[in-house]
Amino acid sequence: MAVSPDPFSNLDFVASENSNQNEKFNMKNIIIITGASSGFGALTARALAKAGHTVYASMRETKGRNSPQVEEAKKFAKANNVDLRTIELDISSQESCDAAIQEIITKNGRLDVVIHNAGHMVFGPAEAFTPEQLAELYDVNVLSTQRVNRAALPQLRKQRRGLVVWVSSSSSAGGTPPYLAPYFAAKAGMDALAGSPADKARVAEYEAGPYKGFADDVLKGFSSIVPPDANVDGVADAIVKVVDTPFGKRPFRVHYDPTQDGAEVVNMVLDRVRAELLRRIGLGDLLAPRHLTTELQSAA
């Protein structure tokens, strides 16, 4: 897993250094996290709420199949005396994204942090997935972030500050086990889709040939490199740390990868190369929050 604040939105800056503005934004953050009905999303929403922030855990069908998750969130908020809320948001619908973001802004007067967590993993031979499945997977894992950004970024620009966090996967840069290609491809690009290939006949061909039992071998092999003390809470803790890190000191990328599949090493090189390119073409100021860059130039 890799957690990356968006470096190119240029939103993470403060227009003024006056004490009143600093005091205003040193309050708890208003946060929305997508795909927060379960898994990393639910864990992160709870961790951020316990850290003192107002958190909107977004999900689909809050009055339908996810109504138990809504009740669980209410119970957690009451039991821990935290500000954890749920909100209806279907990442496959621009109208739904717009409505959810506007509701948050109307109720709070601002929005400080957007966390792109929603995603879907699939497993099986790449050939056996239909093109329609791949398109839907790409929509869930990539296009959904654009819908949420188009709804939220105007408010962050209006405020002249904000934080966008992308929850990615080490698979986009590290070791890539077989049978996970569609998911890796979508994550590299950034719940309606079934978690296994739709073309069962094609899957059966794999199982009837030289690749019989291969899927089980892949899963066993991948499980074998996960240390026994691996803790999924580490993902939520990493995101909380990014959100709570002072302005101007947030890292571009944070890794939490108990399997140590090599993504951290690869991303280190990729990030350095990209940073060097920006400097070569005269856009190095994009690598730091605007007011810090200005201060450094003035000091020089």
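Before I start: I take contact to mean heavy atoms within 4.5 Å. I also keep in mind that this is a predicted model.

Entry one, a single residue. I looked up Ile115 and left out residues up to four places away in sequence. Ile115 touches Ile31, Ile32, Ile33 and Thr34, and also Leu48, Val165, Val167 and Ile239.

I found 27 residues in the largest nonpolar core. Ile115 is among the members that touch the most others, along with Leu48, Val55, Leu84, Ile239 and Val243. Which elements give two or more residues to this core? I listed strands S2 (30–33), S3 (54–59), S5 (113–116) and S6 (163–167), plus helices H2 (39–50), H3 (67–80) and H9 (233–244). H9 gives the most, with six residues.

I also noted a second, separate core of 22 residues, which includes Ile30, Ile87, Ala100 and Ile101.

How do the axes of H2 and H9 cross? I have them coming within 8 Å and crossing at roughly 45°. The crossing of H2 past H9 is right-handed.

I then wrote down who makes the contact. H2 brings Phe40, Leu43, Thr44, Ala47 and Leu48. From H9 come Asp233, Val235, Ala236, Ile239, Val240 and Val243. Sorted by class, I get nine nonpolar residues, one polar and one charged.

Key
Residues are numbered from 1 along each chain as its sequence is written. This is a predicted model: local features need pLDDT of at least 70, side-chain atom pairs count only at pLDDT 80 or more; totals for chains, interfaces and linings use all residues. Side-chain values use heavy atoms; hydrogens and water are left out. A nonpolar core is a set of buried Ala, Val, Leu, Ile, Met, Phe, Trp, Tyr and Cys residues joined through side-chain atoms within 4.5 Å. Buried means under 20% relative accessible area, exposed over 50%, partly exposed in between (1.4 Å probe, protein chains only). Helices (H or I, at least four residues) and strands (E, at least two) are DSSP runs, numbered from the N terminus. Axes are lines fitted to C-alpha atoms, for helices over the stretch in contact, and angles run from 0 to 180 degrees between N-to-C directions. A crossing is left-handed if the near helix is turned anticlockwise from the far one by less than a right angle, and right-handed if clockwise. Ala, Val, Leu, Ile, Met, Phe, Trp, Tyr, Cys and Pro count as nonpolar, Asp, Glu, Lys and Arg as charged, and the others, Gly among them, as polar.
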